[in-house]
Structures are given as C-alpha cells and as structure tokens.
Amino acid sequence: MFATTPGAAVSRYFGFWPRELNAIFDRLPRVFCKTGGSVVAVSAPNSFNSLSMKILCIGRNYAEHIAELQNETPDAPVIFAKPDTALLQRNQPFFLPDFSQDIHHEVELVLRICKNGKNIEEKFAPTYFDAIGLGIDFTARDLQSKLKSKGLPWELAKGFDGSAPISQEFKPVSEFADLKNIDFRLEVNGEVRQQGNSGLMLHDFSKIISYISQFITLKMGDLIFTGTPSGVGPVKIGDQLTGFIGEDKMFDLAVK
Ligand code: MG
C-alpha cells in the first residue's frame, strides 16, 4: 500500500509545505498515518507542530539559580535554542542519554507564541503569547561545563533528543490573575526540588519577547522557555518528575 503522511503528500503536490496549513493541522483531532509501516501522530489538539516551530530558551533568569551555578549576572538576557526534536510530549518517559553522567532538571514556565512578530515593543509583547505551560530544560551539565570552559556553544548539552518535555495542557493567559505572580514547582519522587515564581525573573515575559524578536522573528506556535529557579540537580533512572503551576499538575514523567 502507498504509505505517506499528509505533510509529504502536500509537499509533493505543491513542491513545498505551505506554512498556512500548520494552523489548520494544529486544529485537527489527532490523526494517525502510515509511514513505511510505522504509525505516527501528525496532529493533536494542544500539540506543537514540529514542521515549523522553534524552541527558544532564556538562561540565567533567576538570581538564586545564577548564584548556585556561580555564573555572572548577564546585562542582557542569555538566549539559546533547542531543535524541534528535543520536544517530549504527553508525559512520555525521558530516557537518559549515554553521553552524559550528569543530566540536570530545570523546570521552567513556557510561553506559547500566538502570532508572528519582529521588533516587538515591550508594551505590545503580552499580545504575542496566549498560553503558558510548564516544561523541563534538561541539561547535560557535565558536557555544558566542558563546552563553557572552552568558550564553545552549548547546543549539544541543551538540545539533545527529549531535552524539552512540555505539559500537554497550556493554560490560557486569561486564567492567570497576575502574570508577575505565577507559582510553579517541580517534585522529584514526591519531594519538592524546585520552587519558582514568575515575579522573581530578572527579565519578565514582555522583556524576553521584545528582546528575542529584535534578532529572531517569532512565529505562531513557537515556544519560549523562560528560565529556571534555583534547585536544579541530577536525575537518575527510576525518578518520577512531576511539575505544577499553582496546585495544578501539569506533567508527570518517568526517567528511564
Ligand atoms: Mg534553563
């Protein structure tokens, strides 16, 4: 039987993938397609379309976390990116990679960008994200330290497969009474390891969006990890990582 995905079929027909179709596919119920014998999900409600999205992250955005890693406080936000293949969704387990002996959890609030924008002024930035979720910026700390000491880019320590689990649900911005007072936390095996509040960020959501968009055009469906509070630490096989915004459980994933 002829096996294909809608994306492949459309690309073949048009010779490219029309970006406008991403919005349509994001609204479809989950569809499973045969691809060479394997079954893959191509679209799901509240899922992110890896055909067009990017994942941007801010580092060193909480003073106590900067102190625990003995980093310098940067003048401007520290920005890095993860590829779409870093995404982990629907509470899928995280498999420890074999190239690191020191994978750290960094729990972070995650913004979902809802429209395209460049050079966004801070006062308009709140209109560019419509929902907030929770994720983990998994970091191969040993590899990152080695790369940092040589002044090399961090990508491999931050962007490896599965290094960006996100909550299945993203809460609409309208559900938050105050964006500068959002409590979130990470529990490891039922014990609180990281506790944060958006009010403690050195650069708030608007500043982050405005700053990034001076360099990189933001597009609908992009995600922004907004930095981790103190308490980062290693994970091991068998750990259960549970993330909360307020008292709402956002994700619950196993380390394997
Ligand atoms: Mg981080």
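This report describes strand β7 and the sheet to which it belongs.

The model is predicted: local features require pLDDT of at least 70, side-chain atom pairs count only at pLDDT 80 or more, and totals for chains, interfaces and linings use all residues. Residues are numbered from 1 along each chain as its sequence is written. Strands (E, at least two residues) are DSSP runs numbered from the N terminus. Two strands pair if DSSP finds at least two bridges between them.

**The sheet.** Six strands form an open sheet in the order β4-β3-β14-β7-β8-β11, with mixed pairing. Its edge strands, β4 (78-82) and β11 (171-172), each pair on one side only. Strands of a sheet pair through backbone hydrogen bonds, either parallel or antiparallel.

| Strands | Sense | Bridges | Bridge partners |
|---|---|---|---|
| β7 and β8 (residues 129-136) | antiparallel | seven bridges | Ile-113 and Phe-129 |
| β7 and β14 (residues 223-225) | antiparallel | three bridges | Val-110 and Phe-225 |
| β3 (residues 55-59) and β14 | parallel | three bridges | Cys-57 and Phe-225 |

**Burial of β7.** Strand β7 (residues 107-113) is mostly covered, with seven of its seven residues buried. A residue is buried if 20 or more other C-beta atoms lie within 10 Å of its own, exposed if 12 or fewer, and partly exposed in between, with C-beta atoms placed from the backbone. Both faces of β7 are covered: one side carries Val-107, Leu-109, Leu-111 and Ile-113, and the other carries Glu-108, Val-110 and Arg-112, all of them buried.

Technical notes:
Helices (H or I, at least four residues) and strands (E, at least two) are DSSP runs, numbered from the N terminus.
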